Amino acid sequence: MHLGPALPLATPGETGEALLGQGLAAYTAARRAQERGGGLPAGVRVGGLALPLPLAPLDPFAAMRARLAAAGPVGPVAWAAAERHPGAGSDRLARDAIALALAEIEARMGRAEFDRALDLLAQRPRHGPAGTDDLLRALGSVTGEDLSGLWQELAGGAALVDVGVVVAASQPDPTRPGVELGRTTIVHRGGPRLPLTIELRFADGTRRHVRWDGRDDWLRIHSEGPRLVAVRLEPSRSSPLAASRLDDARLVDPDPRPRRRALQRLRILAQLFLEALADLA
């Protein structure tokens, strides 16, 4: 898809449509930054002076996540105020949230299919600014599905998805030699309630995928057979709206090698540091 000029913004009186236009523009700009230079230059601002840092470029969507995480959830009242008064302080967070919602749908559909939908949206007959109905119509034309429920969940407020693996355990069945009983618990702590895939990995190399609609506060999975060794959320993709990726996976038996554990921790700390700097860049 050719990412041309941003779609026209709706007027402030059209509730929600101004934010949609701004979100589309922010999503497009982030895509361009990713594709052209790998991201935003790392740096901090001190007294209005930009100080570059000798680090890898920061992913623009990671910068959006960092801003939302620092501000906390933007509730319905603040969200509605941003819709009525574009340019207000909370408007930037709302714009970031819409851009991340679009990135989430892209991750679920695949970039090629999502770009087809954006092309349909851009080619629609010009009768004023593009609206939510136009977006959903374009997405539905490509997927063959009604995504209005998913969009309402994603764009209903500015919040990150906080879901984590809190229990991953396996123990021998005392009544059946060679059989292990696995226990997995997934918890939804906050943010949009989205369907996700949980992957269970077993000692014999097999994998089991469980689909969860995400509507409840928690999900418990039991397994019988080979030893459960690892659990991972959304194994085939990374969610742009994830509050933290640190608890998206859990090993039943942590790696016993001290050096490997230390390297894993260093990578985690480096990622947290870069995401914290993203808000200051």
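Ser223 counts as buried at 7% relative accessibility, where buried denotes under 20% relative accessible area, exposed over 50%, and partly exposed in between (1.4 Å probe, protein chains only). The residue is found in strand E7 (residues 218–225); helices (H or I, at least four residues) and strands (E, at least two) are DSSP runs numbered from the N terminus. With neighbours within four places in sequence left aside, Ser223 is in contact (heavy atoms within 4.5 Å) with Glu180, Leu181, Gly182, Phe202 and Arg208. The model is a predicted one, in which local features need pLDDT of at least 70 and side-chain atom pairs count only at pLDDT 80 or more, whereas totals for chains, interfaces and linings use all residues. Residues are numbered from 1 along each chain as its sequence is written, and side-chain values use heavy atoms, with hydrogens and water left out.

For the chain as a whole, the secondary structure comprises eight helices and nine strands. Of its 281 residues, 44% count as buried. Among the contacts in the chain with a separation of 6 or more, 67% are accounted for by residues 24 or more positions apart.

Helix H4 (residues 91–109) takes part in a packing with helix H5 (residues 111–122), at an angle of about 125° and with the axes 6 Å apart. Axes are lines fitted to C-alpha atoms, for helices over the stretch in contact, and angles run from 0 to 180 degrees between N-to-C directions. The angle makes H4 oblique to H5, since angles under 35 degrees count as roughly parallel, over 145 as roughly antiparallel, 65 to 115 as roughly perpendicular and the rest as oblique. Leu102, Ile105, Glu106 and Met109 of H4 form this contact with Arg111, Glu113 and Phe114 of H5. By class, the contact of H4 with H5 holds four nonpolar, no polar and three charged residues; Ala, Val, Leu, Ile, Met, Phe, Trp, Tyr, Cys and Pro count as nonpolar, Asp, Glu, Lys and Arg as charged, and the others, Gly among them, as polar.

The axes of H4 and helix H6 (residues 132–143) come within 12 Å and cross at roughly 10°. H4 is therefore roughly parallel to H6. On the H4 side the contact is made by Leu102, Ile105 and Met109, and on the H6 side by Leu135, Leu139, Val142 and Thr143. Ala97 and Tyr27 are 70 residues apart in sequence, and their C-alpha atoms are 9.9 Å apart in space.

The end C-alpha atoms of H6 are 16 Å apart, in agreement with the 16 Å that its twelve residues should span at 1.5 Å a residue; the expected span is 1.5 Å times one less than the number of residues. Thr132, Leu135, Leu136, Ala138, Leu139, Gly140 and Val142 are buried in H6. Just after this helix, Gly144 adopts a positive phi of about 75°.

Side chains of opposite charge can pair when their charged atoms come close. With a salt bridge taken as a side-chain nitrogen of Lys or Arg within 4 Å of a carboxyl oxygen of Asp or Glu, the count comes to 18 salt bridges. Glu106 and Arg111 are joined by one with an N to O distance of 3.0 Å. Glu106 counts as buried at 10% relative accessibility, whereas Arg111 counts as partly exposed at 33%. Both residues belong to a network of salt bridges that links Arg31, Glu106, Arg111 and Asp115.

Asp162 forms a salt bridge with Arg189, with the closest N and O atoms 3.2 Å apart. This pair links distant parts of the chain, as Asp162 lies in strand E3 (residues 162–172) and Arg189 in strand E4 (residues 180–190), 27 residues apart. Asp162 is partly exposed, with a relative accessible area of 23%, and Arg189 counts as partly exposed at 43% relative accessibility.

Glu234 is placed in the loop between strand E8 (228–233) and strand E9 (249–251). Its phi is near 45°, a positive value in a residue other than glycine. Glu234 is buried, with a relative accessible area of 12%.
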